[in-house]
Every structure is written in C-alpha cells, then in structure tokens.
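Colleague: Please take me through the terms applied to this model, and set each value against its definition.

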Amino acid sequence: MLLRLALLSLALALPVKALADPCVAPLPPASTTFEGVVRYVGDGDSLCVSTTSDPRTWIEVRLGDFSAPELRSAAGPRAKAMLKDLTYGHYLTCRAGRQSYDRVVARCRLNGVGVGDLLRARGGVEGGN
C-alpha cells in the first residue's frame, strides 16, 4: 500500500506534455486560396481546415479578421465555443496571408461571408493578442 502511494505521488509530480493541435499540413504560401471543412477548433480565432479527414492534411489557420480573447482568459472558452458552433464541420474558403508560428494567418469565408464578420454579428468579443 505504501509503495502504491509513493508511485502515485511520483506519477502526479511528473510533468505532463500538453496536447498539441493535430493540424500538421505544410502551410500554403501567402496569397494562396485554399479551402476545406473545419476539422478542429483550437480557440476563438484558430482552426484547421482540410478536404480530407487525415490530420496530416489539416492546415492550421489563425483568423486574419478576428482576434478573440485568449483561451486561458475568462472569455476564452466562450469564444472557442462560438467559433466551433459557427464553423465546425462547415466548408470554408480561405486566403493565406503571412505565417505566424506554426499556422497561417488567413481570411476565411463561410458561404461568402467573412468568419470575423459572422462572429461579430453573433456578439463575438475581440480582445486577444
């Protein structure tokens, strides 16, 4: 019993690796148009799109026309839920801009309307970095 307790304490004290976004496709160059179904939503202004269900083809996008509150802030989970409700499983057409870390900053459209405009129309609050 004491050994089990010691092992459990040790296991709880070890650092845990954070799960990374599953989107690992190469990023498109600036000014490229790309499209696909939203396969993953990371926070209130980032998502992944692809034309296949294979995560190796998922392109990670940072919305270029909306800056949501950070996920760790009080408004972050609501912003993520709003983006997910609006886009998850839907087809977007995006225009690539610059790269930011491991994602492309892009302006994306859903049924011809900018995702940022749709978020603002639903009461989405901006305030991220």
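**Strands, pairing and disulfides**

Modeller: Asn111 takes a positive phi near 50° in the hairpin of E5 and E6, which has 2 residues between the strands. The model is a predicted one, in which local features need pLDDT of at least 70 and side-chain atom pairs count only at pLDDT 80 or more, while totals for chains, interfaces and linings use all residues. Residues are numbered from 1 along each chain as its sequence is written, and side-chain values use heavy atoms, with hydrogens and water left out.

Colleague: In which sense does E5 pair with strand E4, and in which sense with strand E3?

Modeller: With strand E4 (residues 91-100) the sense is antiparallel, over 7 bridges; Ser100 has Arg103 as its bridge partner. Tyr101, in the hairpin of E4 and E5, takes a positive phi near 60°. With strand E3 (residues 59-63) the sense is parallel, over 3 bridges, and Leu63 is partnered by Ala106.

Colleague: Why is strand E5 described as largely enclosed?

Modeller: A residue is buried under 20% relative accessible area, exposed over 50% and partly exposed in between (1.4 Å probe, protein chains only). In strand E5 (residues 103-110), 6 of the 8 residues are buried, so the strand is largely enclosed by the rest of the structure.

Colleague: Why are Cys94 and Cys108 called a disulfide?

Modeller: The definition asks for a pair of cysteine sulfur atoms within 2.5 Å. The sulfur atoms of Cys94 and Cys108 are 2.2 Å apart, so the pair qualifies. Cys94 lies in strand E4 and Cys108 in strand E5, 14 residues apart. Both cysteines are buried.

Colleague: Which other pair qualifies, and how far apart are its sulfur atoms?

Modeller: Cys23 and Cys48 form a disulfide, with a sulfur separation of 1.4 Å. Cys23 lies in the loop between helix H1 (2-13) and E1, and Cys48 in strand E2, so the pair ties together parts that are 25 residues apart in sequence. The search of the whole structure finds 2 disulfides.

Colleague: Why is the disulfide of Cys23 and Cys48 given its handedness?

Modeller: The torsion about its S-S bond is about 95°, so the disulfide of Cys23 and Cys48 is right-handed. For Cys94 and Cys108 the torsion is about 110°, so that disulfide is right-handed as well.

Technical notes: Helix = DSSP H or I, 4+ residues; strand = E, 2+ residues; numbered from the N terminus. Pairing = 2+ DSSP bridges.
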